[in-house]
Number of protein chains: 2
Amino acid sequence: MVTIKDVARHAGVSVATVSRCINETGYVHADTRKKVEDAVRALNYAPNEVARSLYKRKSRLIGLLLPDITNPYFPQLARGVEDGMQANEFRIIFGNSDENEQKEQEYIQTFIQNNVVGVISSTNRPDSDIYAKLNIPVVFLDRTSSDSPSVYSDGRKGGRLAAQEMIARGSKRITVLRGPVHIRPAQDRFQGAVEVLEEAGIDYNIIQTSSFSFAEAESWAKELFAKHLDTDGVIASNDIVATAVLHEAQRLGKRVPEDVQVIGFDDIPLSSLLSPSLSTIRQPAYDMGKEAALLLIRLIEQGNVDNRNIQLPVSFVERDTTRKVD
Amino acid sequence: MVTIKDVARHAGVSVATVSRCINETGYVHADTRKKVEDAVRALNYAPNEVARSLYKRKSRLIGLLLPDITNPYFPQLARGVEDGMQANEFRIIFGNSDENEQKEQEYIQTFIQNNVVGVISSTNRPDSDIYAKLNIPVVFLDRTSSDSPSVYSDGRKGGRLAAQEMIARGSKRITVLRGPVHIRPAQDRFQGAVEVLEEAGIDYNIIQTSSFSFAEAESWAKELFAKHLDTDGVIASNDIVATAVLHEAQRLGKRVPEDVQVIGFDDIPLSSLLSPSLSTIRQPAYDMGKEAALLLIRLIEQGNVDNRNIQLPVSFVERDTTRKVD
């Protein structure tokens, strides 16, 4: 077994210098680096992750791209990724894309320039060239993609659950808020809800929405009750939108859940703190982030893995915007 | 004026190779790197930020350490830092310290190993050796430190404002929730509030708290009303704690703001969505993050700057947990 001492002796430098060189923890003159690299090669000081990193200039950095950390759904996701990475001594370069293609491209490019060994991306364009051209592992988070490695929750099941719970609790004139069409998970949950409403032969209406921002959600909530004042059940595209619906219902003097039930999606921390507290479909955001980190690490360290598509379960969280059933 | 073409010609390599070498955007063989470095030296291809980075191995990475991104106060701060850095083509390596000294040390160490050129830290230990020993610029964010570069809001003024508004709106038996003793801004706002209450000769009580977590805040809220059932005004240590107080008051059948007024601190996004919506002292978190980014960039690029301590103003946000005044 060749040791770092053998390398140092062969190169005619100190062990500290070899270590500095291998771990890239300090300045090493180009001539010295060459001597160390020659010694590593001559002694076949490998296969060993540390030595290999010398040649491939591997870092322990990964790139994480999220749409916007100030959207309350994403901090849990980011924290899950970071905890998974931190436990395995990887570090994160972090960026917000604002779902803007150019920003996304710039970030991916600088991730590469900074020698990341893998990328986790919550993108609406998993099939984009940006990712196809990367020769490092990529995991898509909260976004499904045909066959690329990805971690997501079961959106269709979540949509089905929301509709089932709403029907079981007596709503008869249901309105579904359809999330942004370019966001795949939003469409999955919408399809799931509509399937169940169709199967049950329940009267329903659809309101189109184009973002998850609270400011815009307020206007959709107004539109909803302006068009369908007698709706007695609202399936919102996420918790932010559900919050706006709840506020508008209260402003109109409607009792929640007696006059109108509301179900959100995500279970962001805010949801349990509203009055009444929000019934919702929970996505395990923290766990999704952590699973994405661990999947990426497996891909980095093993090259390929069997289970590349990890779907986590969703669940109904019963709070006070839905009626009680026995 | 020596150009990159002259360097390429002198080194006997292509311009693309020199560029790859200088910008560290791709693999360059050690021998080739040596040739380029020699040419840069021989031609005195400097002073120039790009060439300089070749020698100092300067990156455009900075390290950002926050206590916990899932605390709803921090995403705005992080977003401000990122926007400020992104606009100037710096990237962020991000970590959560959980206010744990060992985690903090590990992160700072790996920031250095990853060649960051500066650090922004929301730490409770700005005077720690970890920071004193760094030979790159550090900006403390949301934490004041004797003379180190820092960006923070005026906590004492914020505490004074909270007490003044509470008194002006008629509360006579006020309870102040004192935030964690190891968090300096929490103590500043506490001192500010107590100063005003003393000056006005108002009857007040203090409840000690040791964190900003919602789960723990619920127990302090219970303690508060168990000890001081007749309190008619609560100055909370932050919005999370204020939310727990609001819930407990409502659970006890108290009307807010008629029976008891509540003022929070921070103005996190949640605060405007509660029912009743929360009156609070606003810290400009996004702006604080952005200012910290710009200050760090000035320190990196200019070595030293005049205005190293940036204090941003706080303001009272009047919502529905305080009574109206004419």
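Colleague: By what turn can chain B be laid on chain A?

Modeller: This is a predicted model. The superposition has an RMSD of 0.2 Å, and the shift along the axis is 0.0 Å. The two copies are thus related as by a two-fold rotation axis. The turn is 180 degrees.

Colleague: Which residue of chain B comes closest to the rotation axis?

Modeller: The distance is taken at the C-alpha, and it comes to 2.2 Å. The residue is Ile93(B).

Colleague: How much area do chain B and chain A bury between them?

Modeller: In the contact, 43 residues of chain B face 42 residues of chain A. Carbon and sulfur atoms carry 54% of the buried area. The total is about 3800 Å².

Colleague: Which three residues supply more than any other three of the area that chain B buries against chain A?

Modeller: Together they supply 18% of that area. They are Arg79(B), Arg91(B) and Leu273(B).

Colleague: Through what surface do the copies meet?

Modeller: Take the interface residues of chain B. Of these, 98% are also interface residues in chain A, so the copies meet through the same surface.

Colleague: In what order do the twelve strands of the open sheet run?

Modeller: The pairing is mixed. Strand E11 (309-312) of chain A and strand E11 (309-312) of chain B stand at the edges, each with a single partner strand, so one side of each has no neighbour in the sheet. Neighbouring strands are turned by 20 degrees against each other on average, direction ignored. The order is E11(A)-E5(A)-E4(A)-E3(A)-E1(A)-E2(A)-E2(B)-E1(B)-E3(B)-E4(B)-E5(B)-E11(B).

Colleague: Which residue in E3(A) stands opposite Gly63(A)?

Modeller: Strand E1 (residues 61-66) of chain A and strand E3 (residues 119-121) of chain A run parallel, joined by three bridges. Opposite Gly63(A) stands Val119(A).

Colleague: At what angle does H5(B) run to E1(B)?

Modeller: H5(B) lies across strands of both chains. From chain A there is strand E2 (91-96). From chain B there are E1 (61-66), E2 (91-96), E3 (119-121) and E4 (138-141). The angle to E1(B) is about 170 degrees.

Colleague: How is H6(A) oriented to H5(B), parallel or perpendicular?

Modeller: Helix H6 (residues 101-113) of chain A packs with helix H5 (residues 74-87) of chain B, their axes 13 Å apart. The angle is about 80 degrees. That makes H6(A) and H5(B) roughly perpendicular.

Colleague: Which residues make the contact of H6(A) and H5(B)?

Modeller: By class, the contact has one nonpolar, one polar and five charged residues. H6(A) brings Lys103(A), Glu106(A) and Tyr107(A). H5(B) brings Arg79(B), Glu82(B), Asp83(B) and Gln86(B).

Colleague: Which strands stand at the edges of the six-strand sheet of chain A?

Modeller: The order is E7-E6-E8-E9-E10-E12, with mixed pairing. An edge strand here has a single partner strand, so one side is left without a neighbour. The edges are E7 (203-208) and E12 (315-317).

Colleague: Which residue in E9(A) stands opposite Ile235(A)?

Modeller: Strand E8 (residues 233-235) and strand E9 (residues 261-266) of chain A run parallel, with three bridges between them. Ile235(A) faces Ile263(A).

Colleague: What angle does the direction of helix H9 of chain A make with that of E6(A)?

Modeller: Helix H9 (residues 184-200) of chain A packs on the sheet. H9 touches strand E6 (173-178), E7, E8 and E9 of chain A. The angle with E6(A) is about 160 degrees.

Key
Residues are numbered from 1 along each chain as its sequence is written. Chains are lettered from A and ligands numbered from 1 in the order in which they are written. This is a predicted model: local features need pLDDT of at least 70, side-chain atom pairs count only at pLDDT 80 or more; totals for chains, interfaces and linings use all residues. Side-chain values use heavy atoms; hydrogens and water are left out. Copies are superposed by least squares on the C-alpha atoms of residues with pLDDT of at least 70 in both. Contact means heavy atoms within 4.5 Å. Axes are lines fitted to C-alpha atoms, for helices over the stretch in contact, and angles run from 0 to 180 degrees between N-to-C directions. Helices (H or I, at least four residues) and strands (E, at least two) are DSSP runs, numbered from the N terminus. Angles under 35 degrees count as roughly parallel, over 145 as roughly antiparallel, 65 to 115 as roughly perpendicular and the rest as oblique. Ala, Val, Leu, Ile, Met, Phe, Trp, Tyr, Cys and Pro count as nonpolar, Asp, Glu, Lys and Arg as charged, and the others, Gly among them, as polar. Two strands pair if DSSP finds at least two bridges between them. Buried area is the accessible area (1.4 Å probe) that two parts lose on being put together, summed over both.
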